[in-house]
Number of protein chains: 4
Amino acid sequence: MRMAMIGLGKMGGNMARRLCRGGIEVVGYNRSPEIVNALAAEEGMVPAGALREAVEKLTAPRVVWLMLPSGAPTEQAIEELNALLEQGDVIVDGGNSNYHDSQRRGATVAKAGIGYVDAGTSGGIWGLDNGYCLMVGGARDAVALVEPALKVLAPAPERGWAHVGPVGAGHFTKMIHNGIEYGMMQAMAEGFALMKGKSEFNLDLAQISELWRHSSVVRSWLLDLTADALKQDQQLDDIAPYVPDSGEGRWTVVESIDQGTAAPVLSLALSMRFTSQDEEGYDFKLLSMMRNAFGGHAVKKAGE
Amino acid sequence: MRMAMIGLGKMGGNMARRLCRGGIEVVGYNRSPEIVNALAAEEGMVPAGALREAVEKLTAPRVVWLMLPSGAPTEQAIEELNALLEQGDVIVDGGNSNYHDSQRRGATVAKAGIGYVDAGTSGGIWGLDNGYCLMVGGARDAVALVEPALKVLAPAPERGWAHVGPVGAGHFTKMIHNGIEYGMMQAMAEGFALMKGKSEFNLDLAQISELWRHSSVVRSWLLDLTADALKQDQQLDDIAPYVPDSGEGRWTVVESIDQGTAAPVLSLALSMRFTSQDEEGYDFKLLSMMRNAFGGHAVKKAGE
Amino acid sequence: MRMAMIGLGKMGGNMARRLCRGGIEVVGYNRSPEIVNALAAEEGMVPAGALREAVEKLTAPRVVWLMLPSGAPTEQAIEELNALLEQGDVIVDGGNSNYHDSQRRGATVAKAGIGYVDAGTSGGIWGLDNGYCLMVGGARDAVALVEPALKVLAPAPERGWAHVGPVGAGHFTKMIHNGIEYGMMQAMAEGFALMKGKSEFNLDLAQISELWRHSSVVRSWLLDLTADALKQDQQLDDIAPYVPDSGEGRWTVVESIDQGTAAPVLSLALSMRFTSQDEEGYDFKLLSMMRNAFGGHAVKKAGE
Amino acid sequence: MRMAMIGLGKMGGNMARRLCRGGIEVVGYNRSPEIVNALAAEEGMVPAGALREAVEKLTAPRVVWLMLPSGAPTEQAIEELNALLEQGDVIVDGGNSNYHDSQRRGATVAKAGIGYVDAGTSGGIWGLDNGYCLMVGGARDAVALVEPALKVLAPAPERGWAHVGPVGAGHFTKMIHNGIEYGMMQAMAEGFALMKGKSEFNLDLAQISELWRHSSVVRSWLLDLTADALKQDQQLDDIAPYVPDSGEGRWTVVESIDQGTAAPVLSLALSMRFTSQDEEGYDFKLLSMMRNAFGGHAVKKAGE
């Protein structure tokens, strides 16, 4: 199988590597040619200097897999591909797109007979070696065309891919996956903070996280990673208490609102990230002010 | 009526003032004699230099009202009074005691025939002029003995006191009152933060809080105070984003757990105060570390 | 002043009444003519049988105030008015529209020189007698044209209206108002449930809610209403534990997500409503199933 | 090594089995003799008809491991053992005791020179085959005496036990473990409910939970169990939406309050269980009543 991989960043680069090593001929394109050249040299990837060139190096039916930032870069690439590709070709969006966008894009390119597959991708930087978890949405024949690549990216016996539904269902499933991830992470972080807060026990959090990896109810990959990291450093003095968030945690809460389905913990896990990002703390300042106003309680001054 | 007021701080001092002005003869005691002397000079309060002296200046049946910090100071005063008072006298605890303590203390002094009234007190620094809201627990005859003072502290037509149940019920009701207060305050603070966050509208939060005071659904005393404060300053640059908490918010959540009755918003309002008090942010540091571990996401360094 | 009121339901009907009684000539239109006729007979309102007729009964510069369900009915009326009105006329949307819609609609009608005022309205069924709270967005001259009506709907000295910002700012402010309302209501409901749950004290919740109305920190209009209702019935046996929600609580949480500003309690208050609406409880069923799976804990069967 | 196992229920019975199979001589006692006789017949366990008899069948230094319900049964057994054992013997509490109780009990028996080990135990019904996760608190020499049993219960290379700190630290660590478990479970349940709520995608939740087990970020033992259960039945129609809770989730929140360390998601996960257990829904009834009171919104009647 020959296919194109567009976007060779942290995720796309590793996926291209894994595909090359698995016997897939990958035509790769990235905005910065250095990465393209490096992958060509290291992995035998076929280099392309432009999206158009990548397409031209394929034969019908073409498979073009995008690993681009969601939003404008993905939107633009799909618009361009809509003009370049022809009936029977398939676009795969492996990025973190909002599933509503995927539904819309799938419908748009379908008018030209182009297939659309949304492949929600989990596994992070570990996917190169361990394989990825791919949640795939799309029509049956479009997915079939992509299947050889899916098998390399997420091989048996640890089968890490599945066709979960129509276009949009892949990114929807990935979105929920990440929403759950937010909640699990927050639960774990709170528990470790409580253990650290119990200073009289002087607990060794590296020891405990390692311990819990064996036969406990909370054993999980997130715990594996936490244990590894705490072995290096459990004070975390160098890390700022600031937690970024990306689209999918937010979209999960919006989905909860759209459905009217309660997701209190997933919503709260997101709110806590916002709180961590908020350097002003206007809400807290107001609360302090109110306490002073009704009870005469002293206000802690800024900088104190 | 003659009674003693023990503890003449921010709350007790104003209550003594209000009682004196309302025709009650108040024997007042405070650890620092300056306050005692000042109230004696200004309000005609009868000064006492010790708890024992205050008791000696009363005639049976005696009413001794405590406005002391909850915990050790209140505990100690009640132990002392248990020895000083006699059958038919009444101790009133107007402080912020845990209702379980009040139940225990009431049972202890009852053995000596001493009545016990727990008077949960709301109204803050405004009570001197506006009167207080008093949630009173105790036996009927004990409360009857205290009634003249209650009427002065919380007069008609804005009747601000009620006998809500047996010993403990007063402080229980006050505890729940404060739990609700935490939730209402947090709700309001979040709303104002969202308005401040919508910078393109450049909203005047002093104007809006004043506006809402008239005929809106959220009109409330907390809003009145907020509006007054925002008129002075709506940037709040001088205030640290740090919100203390006192016993009653915590006890409300413990009560929820003891009962198995859900109080998700009251619990969360308390958690948010803890978050505001946490200068280390170990939970957030862990989350940032985990994101790095699974996804290679950059960590914001401390001090960045 | 002569103006049109379109939509004479629970809110619009009372507003028309109040305007008529305050000396404004109101041309009123509603889909069902009975309401129109009743208001014409009772209040001297000028009846109109169609939106077009209502417009024709005004003279330039015209003010047309909409009190319609948000969404399609409001959208449609504005489209129609865009064709019927002319430069210098003003549309007022007093309904519960999403502020993004108001911004879009304001921009659309501005092309024809038509002014747009979004008047977020609070006060519910009590506004007829007490006056309303009106949060007004729009250009200065458009608001000025509407001012006589605002003064009647929300008169001094309890001035209940303010011009808070450009088009959209009125509905934005109303949205936040409702978000806060959700949080305050939830806080209060949880507190009362905790008091009911403390059965050994046998608290009279009608008494306590009335008590808190006087000098307490939680005194508020919501408490006033609660006290009135609990006087009638504090068991609430006839009421289902089901809490509907409307757009504005949802939009407040979406705004929090769009801004990245934490609103944990407002989000949770919304989630709790969703939980109350959920008759299946799939989340809880899953939790029960999981407990069984890891711990062998018995599962409560449906219908038990 | 010879030791006693007191309490042979779901957990204790399996642990006795595993110990017998691992070459430990177990003297077992349980209130109902049937279980004792069965384990004697099946596993060669030495039967005892009373706690005293079990102790008498050991030689000093004795190890007596309790697997009893927390609270009164454990308390009583320890009181009895305090009289039966002698200096150098060790009591192990492997049940779910509150760590404050363990600290108190450890201090009590220490007066008689008896060692105390609190062994928080995770692993549920799977521990028999997979081994347990044991979080062990106590003095070094007491733990050393128990070590042969720990090695059988939680063997290398999947080493599932660790000595985490002084008496109390074991149950503390187990408590936090369970608090995290509550949060992780709630996060997962919410995510699956959102997938079920997206009916247009008709997602196969058994397929997705199985898929996520491979290389995803949320892979975990809880997910493994969920996937297994959903393969049998993903409608869950027979399960009531009712989630019990046990002490440790509650104690985790109390710990958060005692420390003043925020645990918002763990607190909320507990509140949600309380909500699931609440058949009256007084909080929701009140909210419905308030909406009616201010806005005239229709109330859903009980039974509708």
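The model is predicted, so local features need pLDDT of at least 70 and side-chain atom pairs count only at pLDDT 80 or more, while totals for chains, interfaces and linings use all residues. Residues are numbered from 1 along each chain as its sequence is written, chains are lettered from A in the order in which they are written, and side-chain values use heavy atoms, with hydrogens and water left out.

**Where chain C meets chain A**

- Chain C and chain A each bring 19 residues to their contact, where contact means heavy atoms within 4.5 Å.
- About 1500 Å² is buried between chain C and chain A, and carbon and sulfur atoms give 72% of that area; buried area is the accessible area (1.4 Å probe) that two parts lose on being put together, summed over both.
- On the chain C side, the residues that lose the most area to chain A are I257(C), A262(C) and F274(C), together 35% of what that side buries.
- Two residue pairs are in polar contact between chain C and chain A, both at pLDDT 80 or more. A polar contact is a pair of N or O atoms within 3.5 Å; within protein, one must be able to donate a hydrogen and the other to accept it, and residues adjacent in sequence count only if both atoms are side-chain atoms.

**What the chain C side is made of**

- Helices α11 (247-259) and α12 (264-277) of chain C each supply at least two residues of the side that touches chain A; helices here are DSSP runs (H or I, at least four residues), numbered from the N terminus.
- The largest share of that side, seven residues, comes from α12(C).
- By class, the side of chain C that touches chain A has eleven nonpolar, six polar and two charged residues.

**Inside chain A**

- An automatic or database domain assignment divides chain A into domain 1 (2-167) and domain 2 (175-277).
- The C-alpha centres of domain 1 and domain 2 of chain A lie 30 Å apart, and their contact takes ten residues from domain 1 and eight residues from domain 2.
- Between domain 1 and domain 2 of chain A, about 700 Å² is buried, with 58% from carbon and sulfur atoms.
- The count between these two domains of chain A is zero salt bridges and two residue pairs in polar contact.

Key
Nonpolar A, V, L, I, M, F, W, Y, C, P; charged D, E, K, R; others polar. Salt bridge = Lys/Arg side-chain N within 4 Å of Asp/Glu carboxyl O.
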